[in-house]
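Open the model in your viewer and keep the selection tool at hand.

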Protein chains: 2
Amino acid sequence: MADDSDDGTDSGKAAVAEQVWRSMFGFLMHTRPRRDAVLAHLGLTPTEAKALDSLDGETGRTMKELAAEWTCDASTATWTVDRLERLGMAERRPHPQDRRARLVFLTEPGVTTREEMVRGMNATPPELLGLDTEELHTLRTLLAKLPH
Amino acid sequence: MADDSDDGTDSGKAAVAEQVWRSMFGFLMHTRPRRDAVLAHLGLTPTEAKALDSLDGETGRTMKELAAEWTCDASTATWTVDRLERLGMAERRPHPQDRRARLVFLTEPGVTTREEMVRGMNATPPELLGLDTEELHTLRTLLAKLPH
DNA sequence: CCCAAAAGCTTGGAGTAGTCAAAATATATA
DNA sequence: TATATATTTTGACTACTCCAAGCTTTTGGG
């Protein structure tokens with residue numbers, strides 16, 4: 001009610017949304033150093049982390065696909081996969097149908113590192129446990145309505 | 001209730017917190033391209049953006065302070081401020097008490113660019129308006145309990 | 001069936017951003 | 001005056017990033 005001005009529009013809603021975003025974004029910033037530390041601890045550059053995230057041990061990806069996903073030049077994709085390969089985390093295998101193409105897979109150490117990275121990046125910030133269970137349930141329900 | 005195992009701890013709460021975090025983090029990722037676009041549109045590198053954020057037009061900061069805030073080498077701070085200065089967005093002025101030191105201020109164009117940047121980075125994602133006003137109020141109350 | 005064009009990838013060359021260490025300069029302080 | 005402080009300069013190195021050129025293989029007409 002007490003919100004503000006005089007136009008007929010739903011300006012109160014936008015103001016509340018803004019405060020919601022401020023809190024959410026602030027919390028994200030607050031917890032960011034922890035996520036940065038995950039990559040630092042694993043010795044991964046942001047590019048290597050992104051690459052690791054795009055790959056797995058079972059499904060081979062072609063260089064073309066990876067370049068498209070990373071929205072980079074084909075030669076940059078070559079360079080990126082080279083880095084992972086030198087780290088022993090990825091390998092190129094021949095494409096069974098097209099001998100021009102390569103399929104990129106994570107090696108076993110690559111899969112392990114990827115798992116640690118994903119676990120660390122997605123780890124629940126302990127600050128959330130400052131809320132009680134009922135509050136968390138409410139939050140879960142509401143946040144589930146947002147695109148992800 | 002129906003949650004899981006057999007230890008006496010409050011394991012259901014952690015599971016809900018995890019889902020809350022998944023939604024929140026997912027939404028952050030979902031909205032990230034928009035924030036990247038703000039910097040791209042203003043032609044700012046991440047370092048320049050960080051520097052701009054640390055400065056204003058009234059309060060001078062010494063190089064030493066800036067290096068500490070950015071947790072970088074003093075010479076890196078010099079390099080960073082140089083960039084902003086070449087862009088016409090910052091200027092060094094002598095320190096009134098200590099002639100060894102400099103005070104760094106934003107210029108008028110720097111202040112303007114900073115404002116645009118802050119506005120763009122903090123802009124409320126329109127997806128939030130998919131929730132109704134009451135839901136947003138609830139969200140605001142709960143999120144305000146988190147550190148920011 | 002053959003060959004020119006296209007596709008997939010890599011290599012080589014070059015440029016930008018960011019980072020630090022060491023040395024140099026100027027000033028303040030004990 | 002000797003030492004400490006604030007900053008800049010110089011030099012070197014890593015991480016990206018693209019473009020242009022080249023190699024191999026596939027594909028689409030004639």
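In what order do the elements of chain A run from the N terminus on? Select chain A, colour it by secondary structure and follow the chain: the order is α-α-α-α-β-β-α-α. That comes to 6 helices and 2 strands. Keep in mind that this is a predicted model.

**Stop 1: the outline of chain A**

Along the principal axes they fill a box of roughly 70 × 35 × 25 Å. The radius of gyration of chain A is 22 Å, whereas a compact globule of 148 residues would have one near 15 Å.

Next, look at how the residues of chain A are packed. Of its 148 residues, 24% are buried. Take the contacts in chain A between residues at least 6 apart in sequence: 46% of these join residues at least 24 apart.

**Stop 2: chain A and chain B together**

**Stop 3: a residue in helix H1 of chain B**

Select residues 11-42 of chain B, which form helix H1, and pick out Pro33(B) within this helix. Is Pro33(B) buried or exposed? Pro33(B) counts as exposed, because it has 9 C-beta neighbours inside 10 Å, and a residue with 12 or fewer is classed that way. Then select Arg140(B), 107 residues away from Pro33(B) along the chain; the C-alpha atoms of the two are separated by 24 Å.

**Stop 4: the surface near DNA strand C**

Finally, select DNA strand C and the residues around it. How many residues surround DNA strand C? There are 22, and the closest are Lys64(A), Ser75(A), Thr45(B), Thr47(B) and Asp73(B). To see which elements give two or more residues to this surface, select helix H3 (63-69) and helix H4 (74-86) in chain A, then helix H2 (46-54) and helix H4 (74-86) in chain B. Colour the residues of the surface by type to finish: 9 are charged, 7 polar and 6 nonpolar.

Key. Residues numbered from 1 in each chain as written. Chains lettered and ligands numbered in written order. Predicted model: local features only at pLDDT ≥ 70, side-chain atom pairs only at ≥ 80, totals over all residues. Near = placed C-beta within 6 Å. Helix = DSSP H or I, 4+ residues; strand = E, 2+ residues; numbered from the N terminus. Nonpolar A, V, L, I, M, F, W, Y, C, P; charged D, E, K, R; others polar. Rg over C-alpha atoms; globule rule 2.2 N^0.38 Å. Buried ≥ 20, exposed ≤ 12 C-beta atoms within 10 Å, placed from the backbone. Contact = placed C-beta atoms within 7 Å.
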